[in-house]
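Hello,

Here is the structure I promised to pass on. Please open it first, then read the notes below it.

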Amino acid sequence: MNLNNIDYFSCKFDLGEGQTNQDFFTERDMLGGWTVSARHPVAGLKRHTASLVLPKKQINTATPKDLRSIIETTVKQYATNNNVIFLSGGKDSTALAHIFKTLNIPFTAVSLYSSVSNTTEKYVVEQIEKELDIKVEYYKLDTIPKTNFPYWIENPYTAKRMALENLGLTEHVIFTGEIGTGEMQINQSLQYTAMNGYQPKDLAHWHVNVCGSYRRNNSVLPLSNDPIYKECVEHFNMRFAQWDNHPDILNRVMFSRLQDEGAYRLFNYGMDGYKWVHPFAENEFIDICTNMPSEYKGKKNLYKEMYKDLTNIPWRYPKSGLGIKTV
């Protein structure tokens, strides 16, 4: 279950049984494991999304100091004497571990790695472990068992659950770096905008193409005549329209997919009985992040502005992900 306030990413599927809605699974395949419509796996039932929207009509005047205060308040509210942080070697989880160290809150750092993956980040985590002077529990996982997800497919969630259960940490409060400062897979869209100007209709196609191809296809062209594909593109056109009144164009480019992909990233954590906290997805924090001037953003440098003594190790290495096969 998700403990903290993540209302911008809320998502609920109606409960019930009945005839299979194949269109749901077609859409899920088109977006790489998740959906954006109200479709449900069961015909006649619906998915319900957040009523709140992130874009505001004005850029806020908050500072990194304000963000630091918000995130520290959230961490202190939910932390106990038994906490877990999943440390991937990326900017989000490293910043979270640094925050715990700064606040002198105890935690067990857990890092997943594979002995067969070419993209394992264990070496990066080992450097962070040394620099932060913490002890990391390394959990080796060369394959992820295939899970029959009833709604959205999120294999890293399965891997985290396996680690918690095998390391005996299921009674802890578990902190993740999910959502971060909201800057997820934005480099290509920013580069395209720099070269071609603000082209939301092109970027709406890019959102569908890049998600459906698991980040392998960055085309901004229409790639299918399937009506469901076109519906997905139209959904992101709607998201860009929601951002039309926000004055910072680069914020529009960076965050137009955030509420949908964020809901996907957080959804399965809310389906179990474990105690999950996602401080960076907290309402006030993500609201301020996305509506601050874009000059603060682009490479998650807000963390460095919040904590001047934060290690730069995650900024020296490209993030490659688990690279663990699902079987």
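H2 passes H11 in a left-handed crossing. This is a predicted model, so please read everything here as computed from it. Helix H2 covers residues 64-78, and helix H11 covers residues 283-291. Their axes lie 9 Å apart, at an angle of about 160°. That angle is over 145°, the cut-off for roughly antiparallel. H2 and H11 are therefore roughly antiparallel to each other.

Which residues make the contact? On H2 they are Leu 67, Ile 70 and Ile 71. On H11 they are Glu 284, Phe 285, Ile 288 and Cys 289. By class, the contact of H2 with H11 has six nonpolar residues, one charged and no polar.

H7 and H8 cross at roughly 130°, and their axes come within 8 Å. H7 and H8 are therefore oblique to each other. The crossing of H7 past H8 is right-handed. H7 contributes Pro 200, Lys 201, Leu 203, Ala 204, His 205, His 207, Val 208 and Asn 209 to the contact. H8 contributes Tyr 229, Cys 232, Val 233, Phe 236, Asn 237 and Phe 240. The contact of H7 with H8 divides into nine nonpolar, four polar and one charged residues.

Now the cores. How many residues does the largest nonpolar core have? It has 42. Those with the most contacts inside it are Phe 9, Leu 31, Trp 34, Trp 152, Ile 179 and Leu 258. Several elements each supply at least two residues of this core, including strand S1 (11-13), helix H1 (22-30) and helix H6 (187-196). H7 (200-212) and H8 (227-242) are also among them. So are helix H9 (249-255) and helix H10 (258-267).

Take Phe 9 as a place to start looking. Leaving out residues up to four places away in sequence, Phe 9 touches Ala 50, Ile 179, Leu 258, Gln 259, Gly 262, Ala 263, Leu 266, Ala 281 and Ile 286.

Another core, of 37 residues, lies apart from the largest one. Tyr 78, Leu 302, Met 306 and Trp 315 are among its residues.

Ile 144 sits in strand S6, residues 143-144. Is Ile 144 buried or exposed? Its relative accessibility is 2%, so Ile 144 counts as buried. Ile 144 and Val 75 are 69 residues apart along the chain. Their C-alpha atoms are separated by 30 Å.

Best wishes

Conventions:
Residues are numbered from 1 along each chain as its sequence is written. This is a predicted model: local features need pLDDT of at least 70, side-chain atom pairs count only at pLDDT 80 or more; totals for chains, interfaces and linings use all residues. Side-chain values use heavy atoms; hydrogens and water are left out. Axes are lines fitted to C-alpha atoms, for helices over the stretch in contact, and angles run from 0 to 180 degrees between N-to-C directions. Helices (H or I, at least four residues) and strands (E, at least two) are DSSP runs, numbered from the N terminus. Angles under 35 degrees count as roughly parallel, over 145 as roughly antiparallel, 65 to 115 as roughly perpendicular and the rest as oblique. A crossing is left-handed if the near helix is turned anticlockwise from the far one by less than a right angle, and right-handed if clockwise. Contact means heavy atoms within 4.5 Å. Ala, Val, Leu, Ile, Met, Phe, Trp, Tyr, Cys and Pro count as nonpolar, Asp, Glu, Lys and Arg as charged, and the others, Gly among them, as polar. A nonpolar core is a set of buried Ala, Val, Leu, Ile, Met, Phe, Trp, Tyr and Cys residues joined through side-chain atoms within 4.5 Å. Buried means under 20% relative accessible area, exposed over 50%, partly exposed in between (1.4 Å probe, protein chains only).
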